[in-house]
Structures are given as structure tokens and as C-alpha cells.
Amino acid sequence: MPTPFVFITRQIASEAIERLREKAEVEVWLQESPPPKTVLLEKIAYTDGILTMLTDPIDSEVIQAASSSLKVISQMAVGFDNIDIAAATRRRIPVGHTPGVLTETTADFAWALILAAARRIVEADRQVRQGIWKPWGPDVLTGLDVYGATLGIIGFGRIGQAVAQRAKCFNMHILYYSRQRKPEAERALGATYVDLEEIFRRSDILSLHLNYTPAAHHLVNRERLALMKPTAILINTARGAVVDSEALVWALQNSVIAGAALDVFDPEPIPHEHPLLQMENVILTPHIASASRETRRRMALMAVENVLAGLEDRPLPYCANPEVYS
Ligand code: DGY
């Protein structure tokens, strides 16, 4: 049997690439920016496996261009909203992803944003660097107490629950909303299920942890932001398109809410002229919630496990479209 060919769309942990090289000929896209779509179209036409990132638009056009020998698309991320899963399933191509491995790292980062936004750490750091060290004063850079506050979590899967776990140490009241109630997690974490309207109304800090699906598009919109407390803070480490950014600008400019911390944006990177970039009460980070060295290494190894399974005609251990096997 000829050696299979695998295209990896970014430089990943060398340990993972070496593992793949034992079984396949591997080409790695070495540039800092993702390969343009033209490159994806060209590579997918003759590759047996492709290891992708969330920055790669694996849409129906790319999937249609895939060679008949393409056995696996393996995404190095838990989310796969950049991949047209239905198109892949129609062509019976299994799609892998990396769930679980990044849960704790992402929850840590959501908490970093919660604390930084509530206690205005980035704003304070900016002031000190700019030579603005106001003398200690009763109102200087006052923020929101996190301990004892009400934390709303939308999306109560692994990451949402890991965020709730940490909130217990801060004596927080934990509310959650998800499509399905999770009675066991409610009991374990002391969390209360509420509907969407109530979670927007009652949360002091509202943190988003849901998968992006068409139903989640602009779930955070002007009407719902208007329900929030003027002291509330919005945290997004899920996907940018869950939030209507125009509505968020409106809410922040009009003191409808107090602040936001966003690790994700739609589109990414955020356009240079976007008004959020000018706002003191917004923290922006470039989609790095899972970016610890160890987690990225483990994600790469997991993605390679999926590629190897696909090449060997075994079911992918972490498959986003298991229906391909039925
Ligand atoms: C994911 O895995 O979906 C995160 O957004 C990036 O690690």
C-alpha cells in the first residue's frame, strides 16, 4: 500500500508530527498565518488526511474538492464550526476534534478574564504604564466583588461546569442555562437552572460556554443585554458570533452593562477600526483560552490519534460526526 499523505495546516508540537511521520508522508504549512483557501483546495484534492485548525474554512466547496482517498479531517480544537460537518458526512468523511483535553485550561482562562474584568486589572495596568498613578483614593479603579456575586453560565458542558467548580471557592451563586437540564451537575456544583431571560437579568457576571451552532448565533443581542444589570460584566471564551458585537458596543457605550472581556470575536482578528478597541471597560485577547503549552501539546497528539485512526480505517476515537459509521 502506498504511504498515505497528510497535510497539517499549521506548525504543531514536533512530537505529534514525528508520531504521524512514522505512518505517513507529512507536509506542514509553516507560515504564521493560516493557509489561504486556494491552498486548502489544492491540498485537499490529493491528500489522504488533513489536520486542521479553527482558522481553516473547511466549507462545502473545500469538502467537494477533496480527493476520493481523503479518509479523515482532524481538527485540533474542540469546536468545529469552521467545518461543514453535513458536507463531510455526505461524503462519509469522518471529522475528528479534541474534546476534554482543554477543559481545565479554558476554564482557568475564563476565570482570568472574570477577575481581570471585575477588578479592572488591565485598565489599571494601562494607567500605571502611561504614568497615571493616581494617589490612593476611595473611588480609584473600584470594581465589582467577585466573591459572593451571582455567576451566570450559558452552556453547561465540560468547560461551563469547570468554570462553576472554580466559582464554588468564591462562594458565588451559580446560575446556568443550557438546552438540557443537568440535574447531577446541579447537585454537585450547587448550580441552579434558570431560563435565558432570568440568567441575563440576575447575573453579575455572565460567562458564555456554549458551542456555536446556527441557533446560538447572536444569542447575546440587544434585547437580552438590555435585561442585564448596569453593573454586570459579560465574558466570552466560546465563539465570537454568539454575541452581536454591535449590540455589545451599544450596551457598553450606554452603560447598559459595566464591562466585557472577550477572547473570541467575529470575525477574527477583530477589525482595526472596531469601536470595542477604543473602550476602557473592555478586555480583548486573541482567542487564547486553551493556549497553555501542555494543553496545546496534548491537543496536537489527540488530533494525530484521530488522523492515524482515519488512515487505518478505524473509527476516530474523538469523532464529531459518528453518524458516518452507521
Ligand atoms: C477550541 O478548541 O474550540 C478553542 O476555541 C480553541 O482551542
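## A first look around this predicted model

Q: Which residue with a positive phi follows α11?
A: Now hop past the other end of the helix, which covers residues 245-253. The phi there is near 55°, and the residue that has it is S255.

Q: What covers the buried residues of α11?
A: First, who needs covering? In α11 the buried residues are S245, A247, L248, V249, A251 and L252. The cover over them includes one helix, α10 (222-225), plus the strands β10 (233-236), β11 (259-262) and β12 (282-284).

Q: Is R166 buried or exposed?
A: R166 is part of helix α7, which runs over residues 158-168. Its relative accessible area is 19%, and the cut-off for buried is under 20%. Since 19% falls under that cut-off, R166 counts as buried.

Q: Which residues does R166 touch, leaving out those up to four places away in sequence?
A: R166 is one of the buried residues of α7, along with I159, G160, A162, V163, A164 and A167. Helix α5 (103-118) is among the elements that cover this buried set. Looking at R166 by itself, the residues it touches are E104, A107, D108 and W111.

Q: Which residues are around the ligand?
A: Over to the ligand, then. By class, its shell has 5 nonpolar, 3 polar and 1 charged residues. By name, they are L54, A77, V78, G79, L102, R239, H287, S290 and M299.

Q: How much of the ligand's exposed area does the protein bury?
A: S290 has a side-chain N or O atom 2.6 Å from a ligand oxygen. On its own, the ligand exposes 230 Å², and the share of it that the protein buries is 91%.

Q: Is G49 buried or exposed?
A: You'll find G49 in strand β3, residues 49-52. Leaving aside neighbours within four places in sequence, it is in contact with F5, V6, F7, L70, V72 and L311. Because its relative accessible area is 0%, G49 is buried.

Q: How far apart are the C-alpha atoms of G49 and V72?
A: V72 is one of the contacts of G49. The pair is 23 residues apart along the chain, and their C-alpha atoms are separated by 5.0 Å.

Q: With which side chain does the side chain of K71 make a polar contact?
A: K71 sits in the loop between α3 (60-64) and β4 (72-75), where it is partly exposed, with a relative accessible area of 28%. Beyond four places in sequence, it touches D48, I93, P94, G310, L311 and D313. The polar contact, at 3.2 Å, is with the side chain of D313.

Q: With which side chain does the side chain of K43 make a polar contact?
A: K43 is in helix α2, residues 37-44, and it is buried, at a relative accessible area of 8%. Not counting residues up to four places away, it touches F7 and E27. The side chain it pairs with, at 2.9 Å, is that of E27.

Q: What is the radius of gyration of the protein chain?
A: Zooming out, the chain has 12 helices and 12 strands, and 52% of its 326 residues count as buried. The C-alpha trace spans about 75 × 50 × 35 Å along its principal axes. A compact globule with 326 residues would have a radius of gyration near 20 Å, and the chain agrees with that, at 21 Å.

Q: What share of the accessible surface of the protein chain belongs to carbon and sulfur atoms?
A: The whole accessible surface comes to about 16,000 Å². Of that, the carbon and sulfur share is 52%.

Technical notes: Residues are numbered from 1 along each chain as its sequence is written. This is a predicted model: local features need pLDDT of at least 70, side-chain atom pairs count only at pLDDT 80 or more; totals for chains, interfaces and linings use all residues. Side-chain values use heavy atoms; hydrogens and water are left out. A residue is near a molecule or strand if one of its heavy atoms lies within 4 Å of it. A polar contact is a pair of N or O atoms within 3.5 Å; within protein, one must be able to donate a hydrogen and the other to accept it, and residues adjacent in sequence count only if both atoms are side-chain atoms. Accessible areas come from the Shrake-Rupley method with a 1.4 Å probe; for residues, only the protein chains shown count as cover. Ala, Val, Leu, Ile, Met, Phe, Trp, Tyr, Cys and Pro count as nonpolar, Asp, Glu, Lys and Arg as charged, and the others, Gly among them, as polar. Helices (H or I, at least four residues) and strands (E, at least two) are DSSP runs, numbered from the N terminus. Buried means under 20% relative accessible area, exposed over 50%, partly exposed in between (1.4 Å probe, protein chains only). Contact means heavy atoms within 4.5 Å. The radius of gyration is taken over C-alpha atoms; the globule rule is 2.2 Å times the number of residues to the power 0.38.
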